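Please work through the exercises below with the sequence and the model open beside you. Each one sets a task and then gives a solution in steps.

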Amino acid sequence: MTSNRSKNGTGMIEFRGVNKWFGALNVLKDITLSVEPREVVVVCGPSGSGKSTLIRCINGLETIRDGDLVVDGQRLGDPATNMTRLRTEIGFVFQSFNLYPHKTALENVTLAPIHVRKIPRAEAEKAGRELLAKVGLADKVNAYPAQLSGGQQQRVAIARCLGMRPKIMLFDEPTSALDPEMISEVLDVMVAVAEEGMTMMVVTHEMGFARKVAQRVVFMDAGAIVESGTPDEFFSHPKTDRSRAFLSKILRH
Amino acid sequence: MLENFSFRTIVEYLPLFGQGLVTTVWLSVLSFAGALAVGIVLAAMNLQRGWLFRVPAKAYIDAVRATPLLAQLYFLYFGLPRLGIVLPELVVGILALSLNSGAYVAEIIRAGILSIPRGQVEAGVASGMTYIQRMRLVILPQAFKVTIPPLLGQAIVLVKDSALLSLIAVAELTRAGQLLASDRFMPAEGFITIAAFYLLLYYGLKGLAALSGRWLGLAGART
């Protein structure tokens, strides 16, 4: 697979010496990481290693204590950065979907485009229907989240993000809350998004997905990035004891 | 025993009871509207992070909930004129019920808003919504649904509390019963009749609650 990484431009997402504490707990330790435009980075590691916190910092769901975090050329925490505006460029897919239960699938997809992006309703609805068709849910346009399976809800959630035409998509364990038979339908949609050239950071343990579309796997443990490499390097030849221990646990079955 | 019970007198007094019922209904409606207004403002103040709005709202809610409604009513009725504010009985009554019920309504609304999962707020934040947009499009429509049943319960309490206004000579339902009791020395007839009317109002509100429940149930079930 050819890499789209530019060698000397600034990254779409740049962590430089980022630290974060929850009370006395150092949840992010001196994180330095650059994600290039169109790059797909998979983040993995044991529970509590700071993976979710890492990507939640990117759209400001969590704030950082020190270091620099620059997203799409804008430094977070800088008074000149309009966070609300920056967030419209960043799609975020949650582990628990977080669809709006009082809105239909289509309304979930069109709500932010209409009210935040100020796209005319008719245009937003046309785009919303196309996106739902794209994630295989053309027949569920008027269904409420409670009437959908977990896999369907997560696909609506992905369509909801795409409706904002973001530059970056972040996925926080998107398949962890799903029944096993629904995982692949969500991964297929994510692969399609990746193949269209979206810049993505994905917290997941789905190795098949990582091998298929990721340019890089980042392994975290205890708040620090311990190892980073191509999926093939990481899965076949892990360099550290901690990553070997982690892989032996998730690959045992 | 029942030979002393005069249905005839009740029928004779029915127009008076009818007027009392009508008064109870409209003053309850106005008071509940007032309570909603007071409650929304207090709940909004109470949900702020800064103490500037939160502390006064909490103090007000505590003060109202810790003191008897009768004491609050007497304060407004006898106390305010001493402070130079003279209002008609009916206005004092509606004011007392609004201010009292508003404190309870505030807590119901606050609980409704806080019952919405954190993930809903985050979904709104992540899609670039402002605080106002999140409240208007995501949180309040969901909170509204969960607050309807307890709000109707509070409305039932308010209707019964409005009986206290008979003590400041508002011609509502209980006052009609008192008049029958004192004019004709027929307390049994007077108070049984108003009990029946209150029961009627209670079933009316309960029916409304059931209807709203069915209507809200249709519009998208919560997961």
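## Exercise 1: The second largest pocket

In chain B, α1 (7–46), α4 and α6 each contribute at least two residues to the lining of the second largest pocket. The model is a predicted one.

Task: Describe the second largest pocket by its volume, by the residues closest to its centre and by the classes of residue in its lining.

Solution.
- Step 1. Begin with the space itself, which amounts to about 400 Å³ in the second largest pocket.
- Step 2. This pocket is lined by 16 residues, and those closest to its centre are Ile40(B), Ile109(B), Ile113(B), Met135(B) and Leu140(B).
- Step 3. Among the contributing elements, α6(B) gives the most to this lining, with eight residues.
- Step 4. Sorted by class, the lining residues of the second largest pocket are 14 nonpolar, two polar and no charged.

## Exercise 2: The largest pocket

Task: Find which residues lie nearest the centre of the largest pocket, and state how its lining divides by class.

Solution.
- Step 1. The volume of the largest pocket is about 630 Å³.
- Step 2. Its lining is made of 19 residues, and Arg49(B), Arg118(B), Val121(B), Tyr131(B) and Arg134(B) are the ones nearest the centre.
- Step 3. The elements of chain B that give two or more residues to this lining are α4 (89–114), α5 (118–126) and α6 (131–161).
- Step 4. By class, the lining of the largest pocket holds 11 nonpolar, two polar and six charged residues.
- Step 5. One residue named in step 2, Arg118(B), also belongs to a network of salt bridges, in which it is linked with Lys20(A), Arg56(A), Glu62(A) and Glu122(B).

## Exercise 3: Salt bridges and exposure

Task: The structure holds 19 salt bridges over all chains; take the pair Lys134(A) and Glu196(A), the pair Arg242(A) and Asp221(A), and the pair Glu14(A) and Arg16(A), and decide for each residue whether it is buried, partly exposed or exposed.

Solution.
- Step 1. Recall the cut-offs: a residue is buried under 20% relative accessible area and exposed over 50%, while values in between count as partly exposed.
- Step 2. Lys134(A) and Glu196(A) are joined by a salt bridge of 3.0 Å, N to O. Because Lys134(A) lies in helix α4 (residues 121–134) of chain A and Glu196(A) in the loop between α6 (180–195) and β8 (199–203) of chain A, the pair ties together parts that are 62 residues apart in sequence. Lys134(A), at 42% relative accessibility, is partly exposed, whereas Glu196(A), at 52%, is exposed.
- Step 3. In the next pair, Arg242(A) and Asp221(A) form a salt bridge whose closest N and O atoms are 3.2 Å apart. This pair links distant parts of the chain, with Arg242(A) in helix α9 (residues 241–250) and Asp221(A) in strand β9 (residues 216–221) of chain A, 21 residues apart. A relative accessible area of 43% makes Arg242(A) partly exposed, while Asp221(A), at 17%, is buried.
- Step 4. The salt bridge between Glu14(A) and Arg16(A) has a distance of 3.7 Å, N to O. Here Glu14(A) is buried at 12%, and Arg16(A) is partly exposed at 39%.

## Exercise 4: Cores and a covered helix

Task: Identify the residues with the most contacts inside the largest nonpolar core, and then say what covers the buried residues of α3(A).

Solution.
- Step 1. The largest nonpolar core has 84 residues, and the most contacts inside it belong to Ile13(A), Phe15(A), Leu54(A), Ile58(A), Leu170(A) and Met201(A). Its largest share, 12 residues, comes from α6(B).
- Step 2. Leaving aside residues up to four places away in sequence, Phe15(A) touches Ile31(A), Thr32(A), Leu33(A), Leu54(A), Ile58(A), Asp68(A) and Leu69(A).
- Step 3. Another core lies apart from the largest one and has 48 residues, including Val40(A), Leu106(A), Leu162(A) and Val213(A).
- Step 4. Turning to helix α3(A), 10 of its 11 residues are buried, among them Leu106(A), Val109(A), Leu111(A) and Ile114(A). The cover over its buried residues includes α4 and α5 (150–162) of chain A together with α6 of chain B.
- Step 5. As an example, Thr110(A) is placed in helix α3 (residues 105–115) of chain A and is buried, at 5% relative accessibility. Beyond residues up to four places away in sequence, Thr110(A) touches Ala124(A), Glu125(A) and Gly128(A).

Notes: Residues are numbered from 1 along each chain as its sequence is written. Chains are lettered from A and ligands numbered from 1 in the order in which they are written. This is a predicted model: local features need pLDDT of at least 70, side-chain atom pairs count only at pLDDT 80 or more; totals for chains, interfaces and linings use all residues. Side-chain values use heavy atoms; hydrogens and water are left out. A salt bridge is a side-chain nitrogen of Lys or Arg within 4 Å of a carboxyl oxygen of Asp or Glu. Buried means under 20% relative accessible area, exposed over 50%, partly exposed in between (1.4 Å probe, protein chains only). Helices (H or I, at least four residues) and strands (E, at least two) are DSSP runs, numbered from the N terminus. On a 1 Å grid over the protein atoms alone, a cavity is a set of points where a 1.4 Å probe fits but cannot get out, and a pocket is an open set with protein on both sides within 12 Å along at least five of seven lines; lining residues have an atom within 4 Å of a point. Grid points are joined across faces, edges and corners, and a volume is the space filled by probe spheres set on the points. Ala, Val, Leu, Ile, Met, Phe, Trp, Tyr, Cys and Pro count as nonpolar, Asp, Glu, Lys and Arg as charged, and the others, Gly among them, as polar. A nonpolar core is a set of buried Ala, Val, Leu, Ile, Met, Phe, Trp, Tyr and Cys residues joined through side-chain atoms within 4.5 Å. Contact means heavy atoms within 4.5 Å.
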